[in-house]
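The sequence and structure come first, and the text follows.

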Amino acid sequence: MAHTAMSGNGTTAGDDPLQTAVWRLRSRACWADAAALLQPVTAAAALQRAALLVERCLYTEQGWEEAEDALRTAEALAHSDEERGAAACERGQLAYAATLHTVRDRADEARAALGRAAALIPPGASGRALLDFRRGLLAENLTRSPQAARAAYRRAHAGATAHADPLLLSFTWRHLAGLALRDGELAEARLGFAESLRIREELGYLVGTAPALASLADAEAEPEASRLREEARRLYRLLGGVPTWLSRHLATPPPAAGAAATA
């Protein structure tokens, strides 16, 4: 989920210092602190701030009202089709997260918002890959349509590659691998999970590393699986129990599925 409100997104040398600070906080599960660094006076800054707070909801199951407020600000400041589309994409993600975590059933709202985003964000635009990925999440986890999810993830993967978005690639690798694991394609699953973990470690995306370790463990044999799972537990404890949903997976690892399909 790359944002370019300033120069770069903070993941590489030479990026804007503000974006670097935001990235470091975000990657360590400090979304509220990262959002506090951004002044929502432009559409780009407001969208980035909203995205951070929406992501916090997905990982922590908290902060719903703050995310809603930030999203309303971003929607009010959006003027171009791509800005309105990006805001709709975040609206869809927030509704998806609320449904996934059984806060409230907002599945219809999620589908409608992502549909609006698809009408506003043109094919080939940088925001289209993230939109495709999120439509894949809905297909996989709400509609229970793995074929539709795979197609959406593949479109997102191609878009993330074309726009050099390594963080999004870590997500598409992981979710495609999860579908492969369900189909019993162990080699394909192992490759995808390993690529996702590699990217997240290279980027320093600490909050996403424990889920990546847990997913790779599901595709590995012992004793490597236990080693990976223990490392995931260590990081999970280090971050104070974030992401919240990972605790269930680490307590009772499923025999043929990746970690909860959210991160």
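Contact here means heavy atoms within 4.5 Å. The model is predicted, so local features need pLDDT of at least 70 and side-chain atom pairs count only at pLDDT 80 or more, while totals for chains, interfaces and linings use all residues. Residues are numbered from 1 along each chain as its sequence is written, and side-chain values use heavy atoms, with hydrogens and water left out.

Leaving aside residues up to four places away in sequence, V207 touches R26, S27, A29, W31, Y59, L239, V242 and P243. V207, Y59 and F171 have the most contacts inside the largest nonpolar core, which has 80 residues. Such a core is a set of buried (under 20% relative accessible area, 1.4 Å probe, protein chains only) Ala, Val, Leu, Ile, Met, Phe, Trp, Tyr and Cys residues joined through side-chain atoms within 4.5 Å.

| Helix 10 | L186, A189, R190, F193, A194, S196, L197, R200, E201 |
| Helix 11 (residues 209–219) | T209, A212, L213, S215, L216, A219 |

The two pack at an angle of about 160 degrees, with axes 9 Å apart. Axes are lines fitted to C-alpha atoms over the stretch in contact, and angles run from 0 to 180 degrees between N-to-C directions. Helix 10 is therefore roughly antiparallel to helix 11 (angles over 145 degrees).

E202 lies in helix 10 (residues 186–203). E202 is exposed, at 58% relative accessible area, where exposed means over 50%.

Notes:
Helices (H or I, at least four residues) and strands (E, at least two) are DSSP runs, numbered from the N terminus. Angles under 35 degrees count as roughly parallel, over 145 as roughly antiparallel, 65 to 115 as roughly perpendicular and the rest as oblique.
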